[in-house]
Amino acid sequence: MQKKSYILLLFFLSAFYAFGQDSAQAEKKRPKIGLVLSGGGAKGLAHIGFLKVMEEAGLKPDYITGTSAGSFVGALYSMGYTPDQMKKIATSVDWTTIMGNKVPLNRVAIEEKDYYSRYIFDIDIEGTNFSLPGGLITGHQLQQFIAELTFPYHSVTDFTQLPIPFKCVATDIETGEIIVMDSGNIAEAIRASMSIPTVFAPVEVDGRLLVDGGLVRNFPVQEVIDMGADVVIGVYTGYQLKDKENLKSLFSILTQSAFLMGMNDAYIQIPKCDIYIEPELGDLTSSDFVRADSIIARGERTARKYLEQLKLMSDTAGSSIEMHQMHLYDNKLDTFQLKAVDVNGTERIPEEYIKGKLHLEEGKKVTHQYIINRIEVLYGTQYFEKVSYNIEETDTGTVLLIDVIEVPPAKLRFALHYDTDTRSALTINFTSRNAIVPSSRIIAEVEIADLPKGELSYFQYTGKEQELAIVLNAKATFENEIIASNISSQEATYSLGTVSVSGGFQTTSSVNWTLGAFISKEWNTLKPKVNNDTILSSVSDQNYFASFFFKLNTMNTQFFPSKGIKLSLEGRYHFNIEQAVRTHAESKAMEAELNDSLKYDEDYLGVRADLDLAIPLRKNLSLVGGSFIGFYPTTNPLLTDAYFIGGISPKNFNSLSFWGTEVNTFYSSNAFIVNGGLQWTLYRKLIIEGRFNYINVSEPFSYIDEQLTGTISGDYSSIYSSSQLETSGRSFKSTYGGGIRVSYLTFFGPISVALSRWEFSKTYEPYLSIGFRL
């Protein structure tokens with residue numbers, strides 16, 4: 001509703017006061033302008049377009065109130081962000097990450113990456129209580145995003161002391177009461193006002209459980225009048241009630257039910273506005289954050305229809321748009337000295353663990369960017385559902401306040417998977433934190449499948465700053481099918497079972513890299529399944545090995561990353577090697593002689609390097625590729641230490657991918673593989689990928705051996721030069737292949753379909769994969 005006569009009256013009154021009094025008196029008497037910004041999810045970004053037009057009109061509000069998205073835009077403008085700066089933020093940020101629970105893989109601790117984002121659902125365990133998660137987004141990413149943007153005003157606890165006085169609205173979910181927030185932690189207040197029920201978890205503030213203010217007061221006009229506004233401009237982007245013809249689905253009825261009270265209240269608030277603007281957003285919805293540019297543009301387009309009225313109000317009120325304007329993100333470079341670090345919210349996790357991970361010492365000078373990075377390191381440990389921070393200036397110095405919400409002490413997690421290489425599987429993961437001693441983690445994971453496997457792991461952080469961990473592991477795989485030669489030099493299929501135990505240490509100071517050392521013992525058993533010979537019933541071995549490794553992983557996602565590097569370097573020294581065979585009953589007389597011939601007199605070394613790359617070329621196009629090199633400078637490595645080559649996504653340690661072949665088509669004690677291709681992402685979830693790969697089992701190993709001769713174990717060039725890949729009666733030193741894969745990301749994991757072919761095949765090899773893999 002427009003009150004033109006009221007605006008004209010104010011014009012004459014203001015002119016009278018300006019003519020008859022000095023500027024100080026005129027400022028005191030001029031009508032005060034209030035700006036009200038409603039909620040509306042992504043549609044609330046249209047407020048940014050309105051603010052641009054308002055500034056062009058030369059108008060500056062004296063007070064701002066907002067709800068939900070309106071509280072976000074209104075708070076930033078109150079602090080001094082310009083419309084152009086806010087547009088840059090809204091159109092460049094990854095809203096999918098900000099509005100979700102998931103964080104990029106490169107922000108997850110290196111020791112947690114293998115288990116991150118690959119389960120369908122969880123069951124929380126606390127004591128004897130089992131419960132499904134509430135399906136709510138805890139909002140860590142959103143909280144961090146808001147905290148970064150509001151950092152310069154963390155120490156301002158009275159929102160009316162911002163460059164433009166500000167208030168926002170939330171709802172007390174216990175009582176249904178309207179909560180007007182004008183003091184406290186500004187980032188927390190905005191986050192509470194944006195807590196859409198059933199989407200975001202509520203925020204507890206001063207003992208109240210708060211959710212989105214849109215439930216009861218989505219358009220806080222009365223609040224800006226209460227602040228002292230004489231004239232009100234209101235911009236409404238919220239929900240509109242549907243008629244019965246459009247209320248035929250369960251979702252539409254539930255949505256209308258949720259917003260019914262807030263919408264009815266909005267009908268009461270709208271007539272209180274002197275200028276009321278409702279951006280024409282057409283088909284844009286509250287979840288269209290990825291269309292932020294279009295939403296802002298439409299908000300500006302609608303606002304221009306009111307440009308003359310806004311200019312009139314500017315002339316009437318005599319306001320000025322001069323105000324502090326913030327330099328975008330410059331606050332991240334601010335340096336200050338910490339007087340103290342206070343941690344709140346801990347129940348089971350020691351405060352020393354948190355402070356150790358933060359690396360923030362009292363009295364130390366730090367930058368805002370450093371704090372942001374360390375908060376991400378802490379959250380990346382997966383010990384917390386949420387980590388938030390605030391800076392408080394006290395009489396004695398700067399205090400960093402850390403608030404945490406811990407994850408449940410234990411979780412059961414489940415995933416389903418099927419692929420044409422390893423067939424169907426049910427994955428069950430049990431993860432418990434701090435069950436035995438503080439700062440510890442236990443993981444037990446099994447894959448119930450045609451090719452079963454399991455893992456038991458204990459991880460214990462140590463040191464003042466938690467930069468080192470003691471690790472104990474036990475792993476087992478069964479029925480892993482490999483192709484090798486039998487005693488008669490015929491091609492045969494074997495079932496390989498492996499059990500290993502290990503203990504060692506690794507560094508935990510970095511999110512994306514680690515190095516460490518382990519001592520392990522391994523037991524392997526091979527049993528013929530196809531083309532069994534008449535003598536052997538099984539071959540087994542056991543050995544110890546000392547391993548030294550370095551791992552780097554900066555990939556941005558677990559599946560189909562578009563950016564990052566994944567590198568693994570490892571050396572293994574095998575010793576105390578024993579090997580034995582069992583024969584069929586009719587060949588028992590040969591068993592002792594065969595075992596004598598299999599005795600190992602020498603230890604040996606194994607070296608491997610595995611590299612994957614994803615390099616963005618354009619927004620949705622990445623160059624993907626990598627390489628693998630692994631070899632044993634010895635005349636007689638164990639068969640079970642060989643590399644089993646083939647398939648698109650093999651899953652065991654010594655299984656290597658080679659597009660165009662079935663899984664474990666070849667085996668070799670040394671392998672050099674390179675691959676490369678393009679990955680094209682469509683609509684964020686549909687991915688098309690083409691790859692080419694090449695393998696050689698002779699070179700560059702002869703050259704490497706020449707460089708190592710006399711320094712490690714001798715001359716093995718003749719072994720490398722005679723190395724062959726064999727399959728279906730064909731032998732060769734090198735070959736190539738490639739294919740294309742189409743994948744779609746779902747909540748239960750990727751669905752992938754592929755066709756590939758290698759040099760000597762006459763047909764294309766089909767591949768299907770559904771779900772998350774262990």
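Student: Which residues are linked with Lys 52 in a network of salt bridges?
Tutor: In this predicted model, Lys 52, Glu 56, Glu 300 and Arg 304 are linked in a network of salt bridges.

Student: Where do Glu 300 and Arg 304 lie?
Tutor: Both of them lie in helix 11, four residues apart, which is about one turn of the helix.

Student: How many salt bridges does the count come to?
Tutor: The count comes to 25 salt bridges. Another one involving helix 11 joins Lys 87 to Asp 293, with the closest N and O atoms 3.8 Å apart, and this pair links distant parts of the chain, since Lys 87 is in helix 5 and Asp 293 is in helix 11, 206 residues apart. Lys 87 is partly exposed at 33% relative accessibility, and Asp 293 is partly exposed with a relative accessible area of 45%.

Student: What does Arg 433 form a salt bridge with?
Tutor: Arg 433 forms a salt bridge with Glu 112, and the closest N and O atoms there are 3.1 Å apart. This pair also links distant parts of the chain, with Arg 433 in strand 16 and Glu 112 in the loop between helix 6 and strand 3, 321 residues apart. Arg 433 is buried, with a relative accessible area of 8%, and Glu 112 is buried as well, with 4%.

Student: Back to helix 5, which residues are buried there?
Tutor: In helix 5, which covers residues 83-92, the buried residues are Pro 83, Gln 85, Met 86, Ile 89 and Ala 90.

Student: Why are they on the same side of helix 5?
Tutor: They cover an arc of only 160° around the axis, and that puts them on the same side of helix 5. The face turned away from this buried side carries the exposed residues Asp 84, Lys 88 and Ser 92.

Student: What do the buried residues of helix 5 pack against?
Tutor: They pack against helix 3, helix 4, helix 6, helix 7 and helix 11.

Student: Switching topic, how many aromatic pairs does the structure hold?
Tutor: The structure holds 27 aromatic pairs. One of them is formed by Phe 219 and Tyr 236, and it is edge-to-face, with 5.4 Å centre to centre and 80° between the planes.

Student: Which parts does that pair tie together?
Tutor: Phe 219 lies in the loop between strand 8 and helix 9, and Tyr 236 in the loop between strand 9 and helix 10, so the pair ties together parts that are 17 residues apart in sequence. Phe 219 is buried at 0% relative accessibility, and Tyr 236 is buried at 2%.

Student: Which rings are linked into a cluster?
Tutor: Ring pairs link Phe 658, Phe 666, Phe 732, Trp 758 and Phe 760 into a cluster.

Student: Last one, what makes the nonpolar surface patch?
Tutor: A nonpolar surface patch of about 320 Å² is made by Phe 478, Val 499, Val 501 and Trp 523. Trp 523 has its place in strand 21, residues 513-530, and with a relative accessible area of 34% this residue is partly exposed.

Key: Residues are numbered from 1 along each chain as its sequence is written. This is a predicted model: local features need pLDDT of at least 70, side-chain atom pairs count only at pLDDT 80 or more; totals for chains, interfaces and linings use all residues. Side-chain values use heavy atoms; hydrogens and water are left out. Patches are made of residues with over 30% relative accessible area and no salt bridge: like charges are joined within 9 Å, nonpolar side chains (Val, Leu, Ile, Met, Phe, Trp, Tyr) within 5 Å. Accessible areas come from the Shrake-Rupley method with a 1.4 Å probe; for residues, only the protein chains shown count as cover. A salt bridge is a side-chain nitrogen of Lys or Arg within 4 Å of a carboxyl oxygen of Asp or Glu. Helices (H or I, at least four residues) and strands (E, at least two) are DSSP runs, numbered from the N terminus. Buried means under 20% relative accessible area, exposed over 50%, partly exposed in between (1.4 Å probe, protein chains only). The arc is that of the directions from the helix axis to the C-beta atoms. Contact means heavy atoms within 4.5 Å. Rings of Phe, Tyr and Trp (its six-membered ring) pair if their centres lie within 6.5 Å; planes under 30 degrees apart count as stacked, over 60 as edge-to-face and the rest as tilted.
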